[in-house]
Amino acid sequence: MQNASRVGAAGCLFLVLAAVGCGASHSSWPQPNHDRSNTRAASSTGIDVASAPRLHPVWRFRIRAAPKESGAMTATPVIADGVVYVEDLKSNVYALDLGTGLIKWRRVFDNTSPGPNGLAVAGGRVYGVTDAEAFALSASTGRILWRRLLVSPTEQFVEMAPLSDGGRLYVSTIGLSPGGRGAIYALDAATGRLDWRFDTIKGRWRFPGEAGGGGAWYPPSVVGGVVYWGTTNPYPYGGSRAHPNGAAFAGAALYTDSLLALDAKSGALLWYRQVTPHDVRDYDFQLPPIVTRRLVVGAGKAGRVIAWDRRTHARVWTARVGLHRNDTGPLPAHRVRVCPGLLGGVETPMAFAGGTVFVPVVDLCMVASATGYVPLGTVDPRSGRGELVAIDAATGRRLWRDRLSAPDFGCATVAGGVVFTTTFDGRLLGFDARDGRRLVGLRLSAGTNACPAVAQDRLVVAAGVRLAKGQQLEVEAFAPR
């Protein structure tokens with residue numbers, strides 16, 4: 001995830017209902033983005049427009065992992081059968097009681113990842129990744145059921161939450177320079193056996209000693225036997241003195257910065273659309289595609305939300321969000337201000353509900369030239385701003401927008417007609433989905449670049465970025481009074 005201070009890869013409708021207690025129906029959150037269509041929209045919860053203003057903390061769980069460049073925890077929690085499962089940025093997994101926050105079990109891996117990481121839960125199993133492998137755990141005990149090594153010399157690490165689809169688990173590696181070639185994998189969910197693999201780089205790099213890229217850092221969507229992926233950028237972004245403006249990866253650099261539609265059974269490429277050919281600005285088209293009855297909707301760091309017709313594959317609409325400056329064409333030899341920058345655009349997953357797409361936006365510009373960006377460590381994410389934008393899914397027309405005082409690295413999440421998000425400065429915000437009216441404004445225990453999940457009457461989110469001395473890094477749960 002291209003979240004705060006991240007220096008890794010540039011770089012993330014099926015409702016699952018469970019009857020819980022008193023005959024009432026309450027939603028779970030079993031996939032990283034709730035369902036296999038990536039809607040991030042929960043139904044039948046105890047949180048709605050009327051109760052959201054009464055949210056307050058009900059429990060906190062201390063995050064023990066030492067914070068790294070992206071913090072200590074960036075993953076969306078997954079929730080099933082009254083248990084919250086979370087993974088920190090050392091790939092350690094914790095099972096917490098949804099009602100109390102008390103720990104049930106932990107599984108320690110201690111493999112540092114740039115994130116976002118994350119889990120999926122299905123059929124009594126918890127699926128996740130370390131920096132090099134995929135794994136399955138017993139949901140009740142945390143016992144390791146299988147581990148599958150994925151990394152090769154040209155696939156340097158794994159950093160995504162997997163997606164579980166019946167008998168398959170979908171994951172991806174990330175390819176960095178030199179020579180990196182990120183690949184997509186379908187694994188047998190019962191054993192971890194490889195079912196198929198798709199190479200996201202077509203052909204050879206022009207200069208493999210310098211170029212690299214591809215792969216994915218968010219899960220796909222799976223609908224109607226088709227797996228839809230958003231892919232990452234080529235490297236080096238900008239370029240180098242020897243090969244300015246991306247000359248190390250001549251041409252379009254397929255299939256970077258693309259929407260891919262693969263056959264779920266075989267992994268065969270059905271169709272694709274590249275959004276940024278020959279990308280020199282690190283404009284991943286990385287978000288989990290949202291699938292509606294008619295459309296597949298994607299977005300990424302270029303700050304463009306795009307909808308295609310699932311049947312004809314024609315582009316239906318494009319909506320620009322956030323700041324745009326010097327964001328197309330070759331970069332000049334001298335330094336210019338580029339918006340969106342390396343950490344800007346649409347960084348984290350969107351949500352879909354009621355015919356509307358909700359888009360979290362980061363407005364954070366950076367200085368770049370034909371030979372690259374200024375060092376990432378010189379940019380403070382706190383200097384940026386954010387937006388939450390509501391877009392009509394049928395037309396691409398903007399319905400409403402709320403300007404935020406800090407970058408929105410916190411996804412969009414919908415429950416009961418309320419759109420939730422978090423901002424980097426440690427705020428949990430909630431808006432009426434119909435008109436953008438603010439309903440919730442709560443402070444978390446620390447800064448955050450993580451996304452909420454909602455189940456029963458609980459909203460759960462990690463505050464994993466320490467922005468000031470004394471801040472506690474915690475998973476926090478909120479419920480209405």
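This is a predicted model: local features need pLDDT of at least 70, side-chain atom pairs count only at pLDDT 80 or more; totals for chains, interfaces and linings use all residues.

Guide: A search of the whole structure finds 2 disulfides, a disulfide being a pair of cysteine sulfur atoms within 2.5 Å. In general, a disulfide is a covalent bond between the sulfur atoms of two cysteines. Residues are numbered from 1 along each chain as its sequence is written, and side-chain values use heavy atoms, with hydrogens and water left out.

Let's start with Cys 339 and Cys 365, which are joined by a disulfide with an S to S distance of 2.0 Å. The torsion about their S-S bond is about 110°, so this disulfide is right-handed. The pair links distant parts of the chain, 26 residues apart: Cys 339 sits in the loop between β27 (336-338) and β28 (351-353), and Cys 365 in the loop between β29 (356-363) and β30 (366-369). Buried means under 20% relative accessible area, exposed means over 50%, and partly exposed is in between, with a 1.4 Å probe and protein chains only.

Now for the other link, which joins Cys 411 to Cys 451, again with S to S 2.0 Å. With 65° about the S-S bond, the link of Cys 411 and Cys 451 is right-handed. This pair also links distant parts of the chain: Cys 411 is in the loop between β33 (398-404) and β34 (413-415), Cys 451 is in the loop between β37 (438-443) and β38 (453-455), and they are 40 residues apart. Cys 411 has a relative accessible area of 1%, so it is buried. Cys 451 is buried too, with a relative accessible area of 1%. If you number the bonded cysteines of the protein in sequence order, the pairing reads 1-2, 3-4.

Let's move on to Thr 422, which you can find in strand β35 (residues 418-423). Thr 422 is buried, with a relative accessible area of 0%. A polar atom of its side chain lies 2.8 Å from the backbone oxygen of Ala 450. Leaving out residues up to four places away in sequence, Thr 422 touches several residues, among them Gly 410, Ala 450 and Pro 452; contact here means heavy atoms within 4.5 Å.

To finish, here is a pair of another kind, made by aromatic rings. A search of the whole structure finds 15 aromatic pairs. Rings of Phe, Tyr and Trp (its six-membered ring) pair if their centres lie within 6.5 Å; planes under 30 degrees apart count as stacked, over 60 as edge-to-face and the rest as tilted. The rings of Phe 109 and Phe 135 have centres 4.4 Å apart and planes at 25°, so they are stacked. Phe 109 belongs to the loop between β8 (103-107) and β9 (120-122), and Phe 135 to strand β11 (residues 133-138), 26 residues apart. Both Phe 109 and Phe 135 are buried.

How values were computed. Helices (H or I, at least four residues) and strands (E, at least two) are DSSP runs, numbered from the N terminus. A polar contact is a pair of N or O atoms within 3.5 Å; within protein, one must be able to donate a hydrogen and the other to accept it, and residues adjacent in sequence count only if both atoms are side-chain atoms.
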